[in-house]
Amino acid sequence: MKSLYIINQPQKLNQALPFISEQDGILLIEDAVVVATYGSVQANHQTLYVLVEDLIARGLKDKVGVEQWNLVDYPQFVELTLQYDKSVSWL
Amino acid sequence: MATYSLLVTANPYSSQGQLSAIQFAKTLLEQGHELMRVFFYADGVLVASRLHAPPADEINLTKAWAKLAIEKDIELIACVTAANKRGIVNVAEAERNALTGNNLDPAFEISGLGQLTEAMLNSDRLITFG
Amino acid sequence: MNKSICIVFNKTPYGSQAGRELLDIALMAAAFDMPITALFVEQGVYQLLKGQEPDILDIKNHSATFKALPLYGIEDILVEEDALQKFNLNVQELVEIDGLKTISSSHAQSLLANSDFILTL
């Protein structure tokens, strides 16, 4: 099964990564969106998404420089939860 | 079309989680999906109080949930154990615990954790906002 | 076949009640006959450490309930090996639970991939 890992705090991404499979997706929301502005992430083939509303709210939309990140809005967030078999909020 | 349930554990006015959950709920409903139930657990239950009085220029999260629940006929359920210990009580729980008042917003219900399990078994997707 | 659930404990007790509140979810899901795995990763392995005395802080000790998990039909109790190593812990220091096993992170990864629901708090 493919999972969508939803990360809402920046420090949680590295904690969750060892448990996320290659075919999974990772979506950054809330404060975790800052991670998408850091440069590249040591992800292991997972598809990476970041919630654009949360970037805009923080003035960070233009700071996502790396093509690694796919910007998604709320309608796409809902679509992603269906595209993946399940969603996992790694709190 | 899919059936969703949400698990909301975020503290209402200290963190963004409740707002994310409301936005997600609105969006999935706009797309024609069904929202079976929103289950509030841990600090998430705090939003079920009808006594929140945020400043006029800030969102009232309880009212935002209540509006969704009334317009779209969605169950908002707060876990009884989590709610009681955090001072969220309905009339029956207030009487049972000999408390002088109750504060559950009428759009919300108090029930057991079994409602979360049942939501998992009967929804296509469960999304957690913490 | 009922949908399966993997409950992930990833926080130290007692700074938050996450462990206790996840435990309550596990027990309830067991009552619904859902196949359940309790997975302890990262700082969550501290949930299982022997000799906890949260009573001195007026906090209820929930660690004994972990021992009772098999009685509720929860027999898959898995602990991340890497976390034990990282925190200088060994299995002998954990509460004795029938069937408790240590697993690698990659095993945990495939277990998570195969669960219908995954909950953390």
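Predicted model: local features only at pLDDT ≥ 70, side-chain atom pairs only at ≥ 80, totals over all residues.
Side-chain values use heavy atoms, with hydrogens and water left out, residues are numbered from 1 along each chain as its sequence is written, and chains are lettered from A, with ligands numbered from 1, in the order in which they are written.

How much area do chain C and chain A bury between them? About 1,400 Å², with 55% of it on carbon and sulfur atoms; buried area here is the accessible area (1.4 Å probe) that two parts lose on being put together, summed over both. In chain C, the residues losing the most area to chain A are Q109(C), A113(C) and I118(C), together 34% of what that side buries.

Now the polar side of this interface. The rule finds nine residue pairs in polar contact there, both residues at pLDDT 80 or more (a pair of N or O atoms within 3.5 Å; within protein, one must be able to donate a hydrogen and the other to accept it, and residues adjacent in sequence count only if both atoms are side-chain atoms). Salt bridges across it number zero, a salt bridge being a side-chain nitrogen of Lys or Arg within 4 Å of a carboxyl oxygen of Asp or Glu.

In one of them, R58(A) pairs with D31(A), with the closest N and O atoms 3.0 Å apart. R58(A) sits in the loop between α2 and β4 of chain A and D31(A) in the loop between β2 and β3, so this pair ties together parts 27 residues apart in sequence.

My last pair is E42(C) and K86(C), whose side chains meet in a salt bridge at 3.8 Å, N to O. Is E42(C) buried or exposed? At 10% relative accessibility, E42(C) counts as buried, whereas K86(C), at 51%, counts as exposed; the cut-offs are under 20% relative accessible area for buried and over 50% for exposed, with partly exposed in between (1.4 Å probe, protein chains only).

Terms used. Helix = DSSP H or I, 4+ residues; strand = E, 2+ residues; numbered from the N terminus.
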